[in-house]
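Let us read a model together, one feature at a time. Have the sequence and the 3D view open.

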Amino acid sequence: MPSLEISKKDLESLAKTKFASKEKLEEALEFAKCELDAIEGDKLAIGVSDTNRPDLLSAEGIAREIRSHYSKEKGVPKYKITNSSVSLIVDKNIEKIRPCIAAAIVKKVNVTEEFLAQMIQLQEKVCLTFGRKRKEAAIGLYDWSKLKAPMHYKAFRPKELKFIPLDYKAEMDLEEILLEHPKGKEYAHLLKGFEKYPIVIDNEGKVASMPPVINSQATGKVSETTKELLVEVTGHKQETVNTALNVMVSALAERGFDIYNVKIKYPGKSIVTPDFLPKKIDVKIESIKRLSGLSPSEKQIIELFGKARYNARKKKGFFSCEYPAYRQDVLHEVDAIEDLLISIGYNKITPLPVELACVGAESRETKIMDSAREICTGLGLQEALTFTMTSKGKQLQKIFLSEKSLVEIANPVSANYEIFRQRILPELLDFFGKNKNCEYPQKIFEIGKCFETNEGLETKTREPIKLCIAISGKEAEFTLIKSILDAFCKNMGLEYELRESELAFLEKGKQGEILIGNKKGFIGEINRKVLQNFGLEMPTAALEIEL
Amino acid sequence: MDLKAIAASLSEIEKKALKAIGSEESFSFEEIAGKSGLQIDSVRRAMGWLAEKKLVEISEEKKFEKRLTEKGKIYLEKGMPEEVFLDCLEKIGGTSDFEELQKKTFLPKEEFGFALGFNRKKNFVVILKGEKPRIQLTGLSKELPPESGKELLEKIEEKKLLEREKFLELRERGIVEEIEKTARKARINEQGKKALEAIGSAKERAYNIQGAVPEIFIGKKQPYVRFLQGIRRKLTELGFVEMDSPAIVQEFYNFDVLFQPQNHPARQWADTYQLKQPKFGALPPEKIVEKIKAAHENGAGTGSRGWQYKWDIEIAKKLMPAAHATAHSARQLVKGVKVPGKYFSISRCYRPDIVDAKHLIEFNQMDGIIIDEQMNFRKLLGMLRQFAVEFAGTEKIKFVPSYYPFTEPSCQLNVKHPELGWIELGGSGIFRPELTLPLGIKQPVLAWGLGIDRLAMVKLGIKDIRQLFSDDLNWLRKQPMAAIE
């Protein structure tokens with residue numbers, strides 16, 4: 001969940017409401033699907049739960065969502081856009097690299113500390129979540145007074161161009177930026193394999209940025225003296241970059257700044273951005289009733305939609321709903337219906353009991369495991385529970401087995417958890433090793449999943465349930481562990497057969513292979529070397545079978 | 001308690017042990033075991049109780065004990081190399097070349113060299129120089145037989161005394177070693193002596209029912225397992241059927257069926273585990289796969305616009321450890337469900353993280369679905385209210401708007417826990433039509449997942465989440481069974 005830092009005063013001024021208590025604030029934040037994570041003086045830490053709502057990633061956006069519940073302002077927000085006659089010319093050579101761009105100019109900007117913090121935060125979070133770490137959308141903000149129209153978006157060869165990247169002092173060519181600049185290194189993978197790199201550049205050859213990597217120091221730095229801004233978004237889909245631009249620009253408009261459009265001249269066609277024309281979705285009345293379990297009147301529905309920033313108009317059997325162009329998450333009418341329910345307030349809706357009689361049942365696996373558990377505890381054994389993820393060292397090396405049919409993790413965080421266990425015994429020997437100061441005899445068991453690859457299965461993995469019983473102490477001899485096996489099988493209604501075996505981790509002559517139908521297991525005394533590997537001194541015997 | 005009462009309260013084991021000490025001397029536990037005929041474990045226990053009753057005093061004494069090393073044990077069995085050397089030489093006629101003798105003695109090169117040097121120094125053998133040097137017995141070993149090395153080793157094994165010089169020599173050769181041992185000794189005190197007398201005069205033992213008794217460790221289930229069994233039982237009582245829950249699943253079930261777009265940040269490397277092997281699993285029949293593909297790309301005629309991107313079947317085939325239990329609900333919907341129906345799973349889920357007091361990389365999740373024509377958002381809230389009562393024992397609840405890629409509307413359940421205050425108990429919602437309609441399910445499906453690890457921690461009174469999988473046997477043995485219900 002993205003987390004934002006917001007000033008309470010700023011939020012209240014934008015929302016045109018004062019929140020008298022923490023509870024009132026929390027209640028208001030619910031309208032924006034946000035949670036108050038922490039409050040410290042004026043500073044609020046706010047979690048935004050909807051990762052498909054980039055428009056909620058700023059104080060401006062959250063305030064806009066809340067304001068409609070506390071004032072007369074309802075429906076799709078209206079922002080004025082003025083024609084600027086500025087164009088941005090897209091070169092054909094960008095088509096296969098990063099083809100789409102959208103831009104806007106913002107004037108009468110009043111850069112305050114709060115505004116700057118929110119803009120940087122919004123830009124970062126939008127690129128990270130909605131922009132998929134700049135892959136789908138990368139945003140640039142520039143001091144417009146330092147650039148000369150028309151702007152150009154085209155690709156250059158790595159050594160063809162030099163500029164000073166943001167927060168640097170020396171000029172670098174495009175290749176050097178990708179190899180040396182921290183942002184260059186971070187985002188170089190997005191430009192990998194291309195012979196040319198995208199550049200936003202003004203009519204006099206002054207570089208604005210190298211999207212999606214870095215702005216230029218000369219023009220791409222917004223400071224407290226900046227009065228006019230150029231905002232641009234690049235990516236691979238026009239709809240996505242438009243939405244990201246709308247999110248940015250509508251937040252700027254919330255601050256009362258003036259918005260001007262830009263003509264994007266693609267080879268062969270032109271579009272004008274930002275495009276604030278509301279989007280549309282039809283919501284059936286029947287669907288509202290069926291999904292919510294409520295029967296609101298038409299008037300109520302229109303009012304609730306208004307609070308949720310929709311313009312709803314009644315048609316025959318459905319509502320034709322307009323919603324703001326900064327949203328791209330309304331895929332289906334159910335999305336609009338949720339917004340309507342949030343407008344009501346979840347806690348104002350009366351729950352209904354489910355009252356659906358079905359016959360419950362545990363799975364076969366659970367039943368078998370529980371029977372085995374009952375017998376084991378009856379045998380006086382203490383149950384242990386260990387992890388199914390473990391290490392090769394424990395599962396193989398320490399008990400002298402070689403790798404076979406291993407289910408292995410590609411991205412382990414730690415070498416202690418790099419594979420899925422094939423057998424439980426090593427985990428229980430490890431358990432004994434941690435309890436040497438505990439009174440002996442120690443008699444334990446574990447029942448759980450083990451893993452091995454198996455080409456014949458849907459997931460190429462067999463996940464047998466295994467039972468391992470291990471006893472440690474002076475009396476831990478073959479006879480005792482065999483008595484336990486015998487008692488277990490009799491009570492489980494299983495017939496077993498023992499065959500002589502030569503497993504490397506068991507004592508020679510005091511071990512056997514267990515056969516129960518077509519399932520196999522092992523039994524025996526753990527040999528000296530294995531005990532040493534687990535730091536054990538007491539004699540130890542064990543059995544492991546598949547259930 | 002007066003002395004008579006104490007004496008009368010002594011168990012047979014304690015009496016035997018006390019009698020065995022019965023003098024001014026102090027004895028080691030082993031000696032007491034020998035004298036009394038008791039097992040060493042029983043002596044240990046008896047001494048513990050007698051000391052507690054202040055009848056004996058126990059002292060600890062450190063002493064050095066000589067013992068054979070692994071090598072020494074082998075020599076004890078097979079003989080010292082120098083003796084093997086002489087015996088063998090004699091057997092083959094008193095003379096031999098180097099190579100033959102080494103072969104016949106079966107001694108490793110190093111030990112053979114040592115034996116030769118040793119016997120030369122003692123003048124038991126000489127080397128006859130020549131083109132092929134030979135070793136020959138001098139006969140001195142017959143006249144002046146050395147103290148058998150084997151006897152020396154036996155002495156050590158039997159813990160008999162050994163000349164210091166000989167010991168040092170053997171230690172140098174890595175045959176014996178000296179280890180420090182703590183020996184505990186018990187000595188009877190004045191009280192004890194009086195008690196001993198009292199035992200003699202006491203006709204029969206009067207039980208001290210207040211006395212300490214040996215602890216019995218019973219066989220029992222792991223506390224967290226018991227907790228999960230309780231939850232499972234409750235769910236079956238509520239009419240839910242348990243689903244299969246494989247730990248390894250296809251991304252198809254973990255994400256795609258659940259309408260999570262393939263470029264979603266949550267599907268990336270850092271947030272889920274991937275497998276190195278096996279890599280790809282099988283998918284259900286093409287008919288179903290095609291529908292899921294269409295749902296992602298264009299909404300599959302469900303009234304949705306879909307995610308508007310090109311869906312890749314290869315990504316869907318990738319195998320991974322289940323990152324959430326909703327994967328099993330997705331799988332059940334694909335396999336087929338009864339309508340009306342209620343299903344649940346309690347399963348291990350895996351997410352990369354650094355393991356600490358708050359995070360596990362392997363944890364349990366509980367997840368389920370209700371499929372029925374009558375289901376709607378108000379019923380969803382009703383279900384959550386019932387869960388709060390059943391699983392958290394509280395009616396103080398709050399519904400919080402939330403977001404999950406697979407439900408719309410979505411609702412988080414917060415409950416006021418008597419100890420923890422407001423906590424998030426779980427998430428829920430109604431499955432999106434892009435998810436259910438392509439699978440042929442026309443009825444609303446309520447979906448829910450509850451975080452049970454947190455509840456388990458409260459019930460078990462633990463602060464560190466790792467303790468759910470405790471490797472502390474003492475703690476497991478001490479957990480009362482009645483604590484979890």
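Q: Which residue stands opposite A:Glu408 in β9(B)?
A: In β9(B), A:Glu408 faces B:Gln277. In general, strands of a sheet pair through backbone hydrogen bonds, either parallel or antiparallel. Here strand β21 (residues 408-409) of chain A and strand β9 (residues 275-277) of chain B run antiparallel, joined by two bridges. Two strands pair if DSSP finds at least two bridges between them. Strands (E, at least two residues) and helices (H or I, at least four) are DSSP runs, numbered from the N terminus.

Q: What should I know about the model and its numbering?
A: The model is predicted: local features need pLDDT of at least 70, side-chain atom pairs count only at pLDDT 80 or more, and totals for chains, interfaces and linings use all residues. Residues are numbered from 1 along each chain as its sequence is written, while chains are lettered from A and ligands numbered from 1 in the order in which they are written.

Q: How many residues does each chain give to the contact between chains A and B?
A: Chain B gives 81 residues and chain A gives 74. Contact means that the C-beta atoms of two residues, placed from the backbone, lie within 7 Å. On the side of chain B that touches chain A, helix α18 (residues 377-392) gives the most, with eight residues. That side of chain B holds 39 nonpolar, 20 polar and 22 charged residues. Ala, Val, Leu, Ile, Met, Phe, Trp, Tyr, Cys and Pro count as nonpolar, Asp, Glu, Lys and Arg as charged, and the others, Gly among them, as polar.

Q: Why is chain B called more spread out than a compact globule?
A: Chain B has 21 helices and 16 strands. Its radius of gyration is 39 Å, well over the 23 Å that the rule gives for 485 residues, so chain B is more spread out than a compact globule. Along the principal axes, its C-alpha atoms fill a box of roughly 110 × 85 × 30 Å.

Q: How many residues of strand β12 of chain B are buried?
A: Seven of the 10 residues in β12 (362-371) of chain B are buried. Buried means that 20 or more other C-beta atoms lie within 10 Å of the residue's own; 12 or fewer means exposed, in between means partly exposed, and C-beta atoms are placed from the backbone. Across chain B, buried residues make up 40% of the 485.

Q: Which strands pair with β12(B)?
A: Strand β11 (residues 341-350) of chain B pairs with β12(B) in the antiparallel sense over 10 bridges. Strand β16 (residues 445-450) of chain B pairs with β12(B), also antiparallel, over six bridges. Look at B:Gly368. It is the bridge partner of B:Phe344, and B:Trp448 in β16(B) is a bridge partner of B:Gly368.

Q: What is the strand order in the open sheet of three strands in chain B?
A: The order is β3-β5-β4, with antiparallel pairing. In chain B, β3 (95-97) and β4 (125-128) stand at the edges with a single partner strand each, so one side of each is left without a neighbour in the sheet. Four bridges link β4(B) to strand β5 (residues 134-137) of chain B. B:Ile127 stands opposite B:Ile135 in β5(B).

Methods:
The radius of gyration is taken over C-alpha atoms; the globule rule is 2.2 Å times the number of residues to the power 0.38.
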